[in-house]
Amino acid sequence: MTSVALNEVVRKSKGQLFHRQDDIYVLVGESLDVDLFNQEFIDLIVTSPPYNVGLDYNSTNDKITYEEYLQFSEQWMRNCYRWSRPSARFCLNIPLDKNKGGQTSVGADLTTIAQKVGWKYHATIIWNEGNISRRTAWGSWMSASAPYVIAPVELIVVLYKDEWKKKHGSRQSDINRDEFLEWTNGLWTFSGESKKKIGHPAPFPRELPRRCIKLFSFVGDVVFDPFLGSGTTLIEALALKRKGVGVEIDIKYAEIAKQRLLKEITLFNQPSPTMSSG
Ligand SMILES: C[S@@+](CC[C@H](N)C(=O)[O-])C[C@H]1O[C@@H](n2cnc3c(N)ncnc32)[C@H](O)[C@@H]1O
């Protein structure tokens, strides 16, 4: 999609354009609104929705009933399907399951809902974030009475719209041999991101969208994140010469995303250190 056309998609959007940097757009808006966009423009979605674990987001309630959460999930995934081009891919970062306040199979349930609204299943990547701090809720200690099993991993479910093989776009890939060999193995190991450093309750690390973007999109493709948060997906889209649109409901988080994008471009434009000729 040309930059003029993406500009038009954004101009016609019901979201409020909060920040633009080259072909990267931060919108303040509501991803549950089916009329947020009125055309297909997405090549790749990389996102981590709210997990409904009671986080203190500014503008939304992260503690609704599981039934409501499944309805919320169905609505935004349906919208994303509608806004996606036929060869679009969808990388969905979600928990494997939930252990607090009753056990729920979140990963399986959301994967089923994604398929119900039309997405086709491709693969699941296990992200081993090595977070062993959760390993204190054993339930009944050293007893078979009611032990709890807690996995220090999350999922990245990979789906697509109509067909897996990409036939459109620049056809230019920027992944190297070692990255390709390592990342096509469905166990990814890297650490999570610091909430304190970023100033957001649940940022994912840059490595997550970086791998998804390089593995699943061509240079110049349009990357979309319906839950932009602190802007991580768009920062990587910018760094990797993709176009990007992100939607965030909360203006304070949109501002964090804007500041991170501005910082990224400053780093980008800094001259590389040269040897002194003295
Ligand atoms: C898990 S966080 C995303 C974090 C992001 N991946 C990052 O690296 O910062 C989910 C975000 O979705 C936003 N959000 C929740 N409901 C929304 C909605 N209906 N539309 C748009 N954004 C929403 C929240 O404000 C929150 O910032």
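Biologist: Where is Arg171 found?
Modeller: Arg171 is found in the loop between strand 6 and helix 4 (177-183). Helices (H or I, at least four residues) and strands (E, at least two) are DSSP runs, numbered from the N terminus. Residues are numbered from 1 along each chain as its sequence is written. The model is predicted, with local features needing pLDDT of at least 70 and side-chain atom pairs counting only at pLDDT 80 or more, while totals for chains, interfaces and linings use all residues.

Biologist: What is the phi of Arg171?
Modeller: Most residues other than glycine have a negative phi. Arg171 is not a glycine, yet its phi is positive, near 60 degrees. Arg171 counts as exposed because it has 10 C-beta neighbours inside 10 Å. The cut-offs, with C-beta atoms placed from the backbone, are 20 or more other C-beta atoms within 10 Å for buried, 12 or fewer for exposed, and in between for partly exposed.

Biologist: Which loop holds Asp22?
Modeller: Asp22 sits in the loop between strand 1 (16-21) and strand 2 (24-28). Asp22 also has a positive phi, about 55 degrees, without being a glycine. With 12 C-beta neighbours inside 10 Å, Asp22 counts as exposed.

Biologist: Now a helix, please. Which residues are buried in helix 3?
Modeller: An α-helix has 3.6 residues a turn, so residues three or four places apart point the same way. In helix 3 (residues 106-116), the buried residues are Val106, Gly107, Leu110 and Ala114. Seen down the helix axis, they fall within an arc of 95 degrees, so they line one face of helix 3; the arc is taken over the directions from the axis to the C-beta atoms. The face turned away from that buried side carries the exposed Thr112 and Lys116. Just after helix 3, Gly118 takes a positive phi of about 125 degrees.

Biologist: What do the buried residues of helix 3 pack against?
Modeller: Their partners are helix 2 (66-83), strand 4 (84-95) and strand 6 (153-160). Helix 2 and helix 3 pack at about 40 degrees, their axes 9 Å apart (lines fitted to C-alpha atoms, for helices over the stretch in contact, with angles from 0 to 180 degrees between N-to-C directions). The two helices are therefore oblique (under 35 degrees is roughly parallel, over 145 roughly antiparallel, 65 to 115 roughly perpendicular, and the rest oblique). Leu70, Ser73, Glu74 and Met77 in helix 2 meet Asp109, Leu110, Ile113 and Ala114 in helix 3 (contact means C-beta atoms, placed from the backbone, within 7 Å).

Biologist: How many residues of helix 6 are buried?
Modeller: Seven of the ten are, so helix 6 is largely enclosed by the rest of the structure. Among them are Leu208, Arg211 and Phe216. The axes of helix 6 (residues 207-216) and helix 7 (residues 232-239) come within 9 Å and cross at roughly 45 degrees. Pro209, Arg210 and Ile213 in helix 6 meet Thr232, Thr233, Glu236 and Ala237 in helix 7.

Biologist: Finally, how many residues does the largest nonpolar core have?
Modeller: In soluble globular proteins, nonpolar side chains tend to be buried together. Here the largest nonpolar core has 51 residues, and those with the most contacts inside it are Ile45, Phe90, Cys91, Leu92, Ile156 and Leu234. Its largest share, six residues, comes from strand 6. (Such a core is a set of buried Ala, Val, Leu, Ile, Met, Phe, Trp, Tyr and Cys residues joined through C-beta atoms within 7 Å.) Leaving aside neighbours within four places in sequence, Phe90 is in contact with Ile45, Cys80, Trp119, Leu159 and Tyr160.

Methods: Contact = placed C-beta atoms within 7 Å.
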